[in-house]
Amino acid sequence: MLSLATFSALFIAFLGATAVPTPFDPIEALERRATRQSLYELHCFPILLLSLSYDVVKALDAAGAKGTFFVNECIYNTDEMNRLKYVHDHGHMLGSHTWAHKDLTTLTWDQIHDEMWRVELALSRIVGVYPAFMRPPYGNYNDLVLQASAIRGQSVATWDFDSQDSLGASVQTSENLYTSTIARHPQNLLALNHETIEFYIYWPRSQITNPMLPFAIQKLQAAGYRLVTLADCVGLPAYQSTSAPGTPDVSLH
């Protein structure tokens with residue numbers, strides 16, 4: 001599920017015996033890092049993506065940028081598995097978007113865990129990584145989702161800027177939204193984008209009709225942002241663990 005997706009509200013759920021996990025403010029985390037690192041190092045823009053595309057990876061690579069790809073059950077076919085490996089091999093980060101893109105707030109405790117477990121199993125078997133971040137479908141979560149995520153060791157990621165592409169916004173509208181937001185020059189920004197038909201990109205810019213991703217990359221880098229993974233921006237590990245890939249269980253699909 002990629003396109004240009006970046007999120008800006010990171011929640012880290014801590015589970016106590018009876019207490020409900022408290023969402024963690026990513027800005028607080030960045031401010032704490034500022035005591036140890038320069039402002040330039042903190043001036044980051046995680047690109048979080050919601051579908052797998054060779055062209056998107058090539059665009060990011062050409063710009064020296066890194067993206068975070070949140071994936072679901074679509075990764076369990078041969079073509080998508082190859083794309084997933086390509087993304088991982090090029091140094092981009094992988095996260096969970098849960099399995100069937102269901103609204104997690106409508107599910108039972110066991111159903112939430114099943115949605116998360118299936119993606120964990122797929123990622124560990126295809127590329128050998130166990131995700132540390134989960135982007136809930138529709139951005140919806142509740143206390144039950146936070147508790148389940150905490151138990152599974154995953155931080156819940158949402159966003160603070162929406163390009164509105166999933167709502168039918170034109171590329172020009174999305175570009176205008178980026179331009180106005182970047183003009184305010186927030187210290188850090190996590191934006192949400194999807195790979196819609198109009199958003200679909202090729203690189204370089206001269207070869208494309210709707211260059212949304214190249215446009216965003218160029219504008220952000222010109223404004224001084226480092227385009228990094230979500231984990232790099234907030235100073236947390238990208239994965240809970242890594243290992244040799246296993247054998248994909250296609251029966252899950």
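For β3, residues 67-71, five of the five residues are buried, so the strand is largely enclosed by the rest of the structure. Strands and helices here are DSSP runs (E, at least two residues, for strands; H or I, at least four, for helices), numbered from the N terminus.

β3 pairs with β4 (residues 93-96) in the parallel sense, over four bridges; DSSP has to find at least two bridges for two strands to pair. F70 stands opposite G95 in β4. To get from β3 to β4 the chain goes through helix α4 (residues 78-89), and this β-α-β crossover is right-handed (with the strands pointing away from the viewer, the path from the first strand over the helix to the second runs clockwise).

## About the model

This is a predicted model, where local features need pLDDT of at least 70 and side-chain atom pairs count only at pLDDT 80 or more, while totals for chains, interfaces and linings use all residues. Residues are numbered from 1 along each chain as its sequence is written, and side-chain values use heavy atoms, leaving out hydrogens and water.

## Helices α7 and α8

Helix α7 (residues 171-184) packs against helix α8 (residues 212-222) at an angle of about 10 degrees, with the axes 10 Å apart. That makes the two roughly parallel (angles under 35 degrees; over 145 is roughly antiparallel, 65 to 115 roughly perpendicular and the rest oblique). The axes are lines fitted to C-alpha atoms over the stretch in contact, and angles run from 0 to 180 degrees between N-to-C directions.

From α7, V171, S174, E175, Y178, T179 and I182 meet M212, F215, A216, K219 and L220 of α8, contact being heavy atoms within 4.5 Å.

## Two residues to look up

S149 belongs to helix α6 (residues 143-151) and, at 0% relative accessibility, counts as buried. Leaving aside residues up to four places away in sequence, S149 touches M116, M134, Q154 and V156.

R125, in helix α5 (residues 109-126), is partly exposed at 28% relative accessible area. With residues up to four places away not counted, R125 touches Y76, P245, G246, T247, P248 and D249.

Methods
Buried means under 20% relative accessible area, exposed over 50%, partly exposed in between (1.4 Å probe, protein chains only).
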